Structure formats: C-alpha cells, structure tokens
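Please examine the sequence and the three-dimensional structure shown below.

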Amino acid sequence: MKNISAVEAREILDSRGNPTVEVEIVLGDGRSVRAAVPSGASKGAHEALELRDGDQGRYGGLGVLRACAMVREKIVPALAGTDPVDLLEVDRVLRELDATANKSVLGANAMLAVSLAAAKAGAQLRQKPLYRHLMDLYGTRQAFLPTPMFNVINGGRHADNNLAIQEFMIIPSAAQSFKEALRAAAETFRALKSMLAGRKDSTAVGDEGGFAPRDLDGPMEAMALLLEAAAAAGHAEKIYLALDLASSEFFEEGAYRLYPERPPLSVDEMIDDLAEWSRLYPIVSFEDPLAEDDWAGWAKLTAHMADLSGGEFKQGRPPLLIGDDLFVTNPERLRRGVSGSVGTAILIKPNQIGTLSETAEVIRLAHEHGYATVASHRSGETEDPALAHIAVGLGAAGIKSGSVSRSERLAKYNELLRIEEELGAGAYRGLAALGAGRASRV
Ligand code: PGA
Ligand code: ZN
C-alpha cells in the first residue's frame with residue numbers, strides 16, 4: 001500500500017481470554033497503528049462470519065491463525081498500490097475479494113481488522129484524529145458525542161445468574177456533557193454496589209463489567225434497584241433505563257422463556273409485559289425485545305407501542321425498539337425492517353458486517369429512514385478505543401460500551417472524554433439525540 005512499509009496480523013487475546021485478530025500497519029516514516037476486533041457471545045444468527053481455526057488442540061478451537069493468514073496471504077497482496085487514506089477503496093477491494101453475503105471467505109474478523117487499521121493509518125497520514133478522518137470520508141457534517149448507555153446489571157449469556165435479560169442499562173439524562181453523564185453513571189454504579197453488598201448479594205461483575213446479582217426477583221426488581229441506586233447517589237430524576245433483552249437467547253419453540261420459573265410467554269404476553277414496564281419505569285429503549293426472526297412479532301410490537309399515547313409512558317414517549325440480532329448491522333435486513341415498519345432503531349456493530357464503509361452505509365440508511373443508531377462494543381472486547389471514534393465519526397446517536405468498570409469498557413468512554421475536550425462545550429446532546437428515532441412518528 002502507498003506510504004506503508006509493513007502490515008502484520010497477529011493473534012491476541014480479548015477480555016474473555018479468547019483469541020482475536022489484531023492488525024498492525026507500519027507507515028513509511030516508521031510510525032505504526034494497531035487495530036483489534038472484538039467478539040460477541042450472544043451472536044445473531046445472521047451476522048457475518050467470524051473465522052476461527054476449529055483446531056481443538058489450541059484455545060478449544062477458537063484460534064484465529066487462519067484469519068491472520070488471510071490478512072497476510074490474501075488481503076495484503078490484493079491491496080498492493082492502494083492508498084490507505086482512501087478507505088472506501090480499501091473496503092471496496094476487501095469486498096471484491098470476499099463477495100459472499102456473510103464474508104465466509106476471508107472472515108469478518110480479518111476484514112474488519114484491516115479496514116480499521118487502514119482507517120487509523122489514513123488518519124495518521126492526514127494528521128487528523130480518527131473521528132475527523134471518518135467524518136471527512138463519509139460526509140458526517142457535525143461532530144457530537146454519542147449518548148451513552150451503561151450496562152450496570154448483567155444477565156443472560158454474560159453472567160451465570162438467573163436473570164434471562166442480558167443487559168440492564170442506565171442513561172443519565174440531565175447531564176450537560178458526556179463527562180457529567182459518565183460521572184452520574186459511575187456514582188450510581190458505586191451506590192448500586194453498596195446496595196447489593198447490603199443485601200448480601202454478589203458484587204462480582206459479568207463480561208461487560210456490570211454486576212451479576214444472584215438474588216434479584218426478575219426484571220422489575222432489577223429496574224427498581226437501579227432507580228434506588230440513582231437516588232442514593234443523588235441522581236434521582238436524572239437516570240433513565242434501557243434494556244437489552246437479547247431475547248433470541250430465550251426464545252424456544254415459538255415462545256419466550258423470560259421467567260425461568262414460569263411457563264414461556266407468547267408474543268402477545270411479551271408485548272403486554274414490555275408495555276407495562278414502560279408505564280412503570282422511565283425506559284428509553286428495548287433492544288432485541290423479540291427474537292431475531294420474529295418479524296411478525298416485531299411489527300406487532302412496533303405498531304402497539306406507536307398506538308399508545310405518550311402520556312402512557314413513564315418517560316413521556318414510546319421506547320425505542322432497537323434491532324441488534326434482528327438487523328445485524330446489515331443494510332438488507334434494515335431495508336426489510338423499514339419496509340415492514342419494524343423497529344425504530346438499529347444497533348451498530350462493525351464486526352457484524354465486516355468493513356467500516358458498510359457500517360457507514362447502514363448508519364446513513366438508518367438516519368434516512370428516521371431510525372436512531374447506537375454504536376456498540378461486543379461482550380468480548382479489547383483495549384482498542386476505536387469505537388469512540390467510529391461513533392463520533394459516523395454520527396451514531398448513542399453508544400454502549402458496557403459498565404463503568406473493566407478497562408476494555410472504559411477505554412471507549414475515556415476516549416470520548418478526550419474527544420469531548422477537543423470538541424468543546426455543546427457537542428453533547430443527551431437524551432435528545434436518541435429521541436431522534438422513529439418512535440414518535442409511526
Ligand atoms: P454480544 O452481546 O457482544 O455477546 O453479542 C452484546 C449485545 O447483545 O448487544
Ligand atoms: Zn444486543
């Protein structure tokens with residue numbers, strides 16, 4: 001590649017101790033950049049392929065030596081002569097090399113590591129911060145800080161407790177800046193720890209740094225506890241809630257096993273519960289409230305929430321309905337959602353699709369159709385803070401990067417503090433950024 005003296009791919013470990021791909025690019029002048037890709041646990045069935053070795057003799061089959069070899073042997077030669085500053089061209093070459101719908105030749109992990117490393121190299125060559133470089137590449141007009149959702153209680157696949165719901169998140173609302181939002185979340189998290197300790201419950205944390213209590217009596221108690229913790233920390237009235245149900249994980253034979261001790265719920269019963277919670281608690285969003293292929297259920301839920309009047313919701317308007325496993329950052333699936341009035345927002349995980357340019361394309365499509373966007377980490381993460389730059393650079397409305405503990409989670413939030421310093425006051429829009437969703441229109 002132009003102005004590049006070497007590209008190396010290596011197998012490193014993520015926050016769960018599983019192998020993942022890192023690509024390092026050495027620039028002609030000796031400077032170097034590194035990019036590492038994350039990995040999910042509750043993956044959507046329709047995500048792009050994560051290439052793993054399957055060699056049971058190494059890391060239980062999870063090694064990524066084949067993906068690293070793809071970078072070295074297939075991708076690097078194909079990129080000969082390409083200018084890393086022109087990321088759209090780099091990504092075009094990657095997509096030409098793997099023309100499959102789910103990136104099953106090269107692997108989305110190999111592709112994203114290269115796409116992201118090339119983006120960083122381009123930013124270095126242009127002497128711009130990564131977020132600025134991405135804004136220029138994809139025509140993002142205004143730089144603002146995404147509104148954070150902090151996952152402070154972990155359940156589902158991310159913890160071994162009895163909570164079926166994967167993530168209970170808090171969104172500080174009244175904060176005037178990202179920095180203040182982060183403080184409100186951290187103080188609430190501390191208060192939550194004391195409360196759990198006082199109840200003699202576990203204060204150990206799950207994969208995304210949130211607590212994984214064992215003795216909570218279901219989702220309503222978890223939500224009540226979060227509001228209590230916010231009040232104890234002096235942030236009552238300011239803390240809103242967001243849930244990621246990751247419901248494909250408890251969808252069995254057409255029904256939802258939301259309460260382990262009760263019979264599974266039908267779609268209509270799920271919709272009733274979701275509506276009831278929205279009446280009782282200030283819930284800003286439900287992510288994956290229904291399963292990844294339950295398009296009919298999703299359409300029904302979307303229409304149902306839109307039919308209720310704003311006054312029926314504790315937060316004053318219908319919650320966003322965010323598709324993660326449903327849309328898998330994929331323009332085709334999002335188009336299907338748009339045409340069927342399914343969902344009102346989309347989770348954005350670059351490794352679900354494979355390149356930054358495709359990620360930018362799906363964000364543009366979402367905004368064109370009034371869907372809100374939330375940039376997201378994965379449960380298996382690395383110390384790479386790039387998600388912060390991706391969120392700002394591509395104009396995502398929100399971000400979720402886990403709790404306010406574990407440095408692979410804080411790497412992204414801390415990077416946003418630095419970006420906020422550069423952007424100055426007024427670059428944070430708080431809850432209003434998420435309100436840009438379609439919820440109020442349907
Ligand atoms: P995952 O979970 O990274 O384990 O897939 C995150 C999410 O569902 O949002
Ligand atoms: Zn999710």
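The model is predicted, so local features require a pLDDT of at least 70 and side-chain atom pairs a pLDDT of 80 or more, whereas totals for chains, interfaces and linings use all residues. Residues are numbered from 1 along each chain as its sequence is written, chains are lettered from A and ligands numbered from 1 in the order in which they are written, and side-chain values use heavy atoms, with hydrogens and water left out.

The zinc ion (ligand 2) is coordinated at 2.0 to 2.2 Å by Asp244 (OD), Glu287 (OE) and Asp324 (OD). Donors are N, O and S atoms within 2.8 Å of the metal (3.2 Å for Na, K and Ca), and since water is not among the atoms, sites may look incomplete. Along the chain, the donors of the zinc ion (ligand 2) have the spacing D-x42-E-x36-D. Distant parts of the chain are linked by the pair of Asp244, in strand β6 (residues 239–244), and Glu287, in strand β9 (residues 283–287), which are 43 residues apart. Helices (H or I, at least four residues) and strands (E, at least two) are DSSP runs, numbered from the N terminus. Asp244 counts as buried because its relative accessibility is 1%, and Glu287 counts as buried because its relative accessibility is 1%. Buried denotes under 20% relative accessible area, exposed over 50%, and partly exposed in between (1.4 Å probe, protein chains only).

Asp244 also takes part in the surroundings of ligand 1: an N or O atom in the side chain of Asp244 is 3.1 Å from an oxygen atom of ligand 1. For Arg378, a side-chain N or O atom is 2.7 Å from an oxygen atom of ligand 1, and a polar backbone atom of Ser42 is 2.9 Å from an oxygen atom of this ligand. The protein covers 100% of the 280 Å² of accessible area that ligand 1 has on its own, areas being computed by the Shrake-Rupley method with a 1.4 Å probe. Of the 16 residues around ligand 1, those that come nearest are Ala41, His158, Arg378, Ser379 and Lys400; a residue is near a molecule if one of its heavy atoms lies within 4 Å of it.

Thr344 lies in the loop between α9 (331–339) and β11 (345–348). Thr344 counts as buried because its relative accessibility is 2%, and its side chain reaches the backbone nitrogen of Leu321 at 2.8 Å.

The whole structure contains 9 aromatic pairs, a pair being rings of Phe, Tyr and Trp (its six-membered ring) with centres within 6.5 Å; planes under 30 degrees apart count as stacked, over 60 as edge-to-face and the rest as tilted. The rings of Phe178 and Tyr413 form a tilted pair, because their centres are 6.5 Å apart and their planes are at 35°. This pair links distant parts of the chain, with Phe178 in helix α5 (residues 178–198) and Tyr413 in helix α13 (residues 407–423), 235 residues apart. Phe178 and Tyr413 are both buried. The rings of Phe250 and Tyr256, with centres 6.4 Å apart and planes at 75°, are therefore edge-to-face, and both residues are buried. Phe150, Phe178, Tyr413 and Tyr428 make up one aromatic cluster.

Finally, Thr359 is found in helix α11 (residues 356–368) and counts as buried because its relative accessibility is 0%.

Notes: Polar contact = N/O pair within 3.5 Å; in protein donor to acceptor, adjacent residues only side chain to side chain.
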